[in-house]
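Please look over the sequence and the structure shown here before reading on.

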Amino acid sequence: MNKTVLLIFRILVAIILLQTLSYKFLGHPDSVYIFSTIGMEPYGRYGIGFLELIASGLLFFKRSTWMGALMTTGLMAGAIFFHLSQLGIEVKNDGGTLFYMAVGTWAISLIILWSERKNIPFIN
């Protein structure tokens, strides 16, 4: 895949992850609602936020891109799971925005991870 497209994907995923951090760390009511519903408030909210912060940082460096993509893929798989099992696709009348953002971020992360597969030490 084109290196420019992959760079744009990396930046896009990192921005999406970073953009949500203020909601998690500052205890936005919607974030508290979500993590309360899944039984992970407040420690899960802070923990997931911290993991998303690490993943976004890893995506900015070429050598660690695969780690950031792998973390993001796992985090978004978790988000998708909780949407489908406990939260529902639509949360607090958001029209499914959070769910579709999680699915899109998960898909782009898989593309990044696939493109970086040769850089994963335990795969080669």
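Is asparagine 93 buried or exposed? The model is a predicted one, and in it asparagine 93 has a relative accessible area of 70%, which means that it counts as exposed. Asparagine 93 belongs to the loop between H4 and H5, and its phi is positive, at about 60°, although the residue is not a glycine. Lysine 92 lies in the loop between H4 and H5 and has a positive phi of about 50°, again without being a glycine. With a relative accessibility of 47%, lysine 92 is classed as partly exposed, because that class covers the values between 20% and 50%.

In soluble globular proteins, nonpolar side chains tend to be buried together. Here the largest nonpolar core has 17 residues, and those with the most contacts inside it are Val13, Leu17, Leu59 and Ile112. Two or more residues of this core come from each of helix H1 (3–25), helix H3 (43–59), helix H4 (65–87) and helix H5 (97–115). Apart from this core lies another one, of five residues, including Ile34, Phe35, Ile38 and Val91. Leucine 17, when residues up to four places away in sequence are not counted, touches Glu52, Ala55, Ser56, Leu59, Thr72 and Met76.

The buried residues of H3 are Gly44, Arg45, Gly49, Glu52, Ala55, Ser56, Leu58 and Leu59, and what covers them includes H1, H2 and H4.

How do H3 and H4 lie relative to each other? Two packed helices are described by the angle between their axes and the distance between the axes. The axes of H3 and H4 come within 7 Å and cross at roughly 145°, and the crossing in which H3 passes H4 is left-handed. On the side of H3 the contact is made by Ile48, Leu51, Glu52, Ile54, Ala55, Leu58 and Leu59, while H4 contributes Thr65, Met67, Gly68, Ala69, Met71, Thr72, Leu75 and Met76.

Serine 109 lies in helix H5, and its relative accessible area of 1% is under the limit of 20%, so it counts as buried. Leaving out residues up to four places away in sequence, serine 109 touches Val13, Ala69, Thr72 and Thr73. Serine 109 and leucine 70 are 39 residues apart in sequence, while their C-alpha atoms are 7.3 Å apart in space. Glutamate 116, in turn, is found in the segment after H5 and, at 3% relative accessibility, counts as buried. Apart from its neighbours within four places in sequence, glutamate 116 is in contact with Lys62, Thr65 and Trp66.

How values were computed
Residues numbered from 1 in each chain as written. Predicted model: local features only at pLDDT ≥ 70, side-chain atom pairs only at ≥ 80, totals over all residues. Heavy atoms only, no water. Core = buried A, V, L, I, M, F, W, Y, C linked by side-chain atoms within 4.5 Å. Buried < 20%, exposed > 50% of the residue type's maximum accessible area, 1.4 Å probe, protein only. Helix = DSSP H or I, 4+ residues; strand = E, 2+ residues; numbered from the N terminus. Contact = heavy atoms within 4.5 Å. Axes fitted to C-alpha atoms, helices over the stretch in contact; angles between N-to-C directions. Left-handed = near helix turned anticlockwise from the far one by under 90°.
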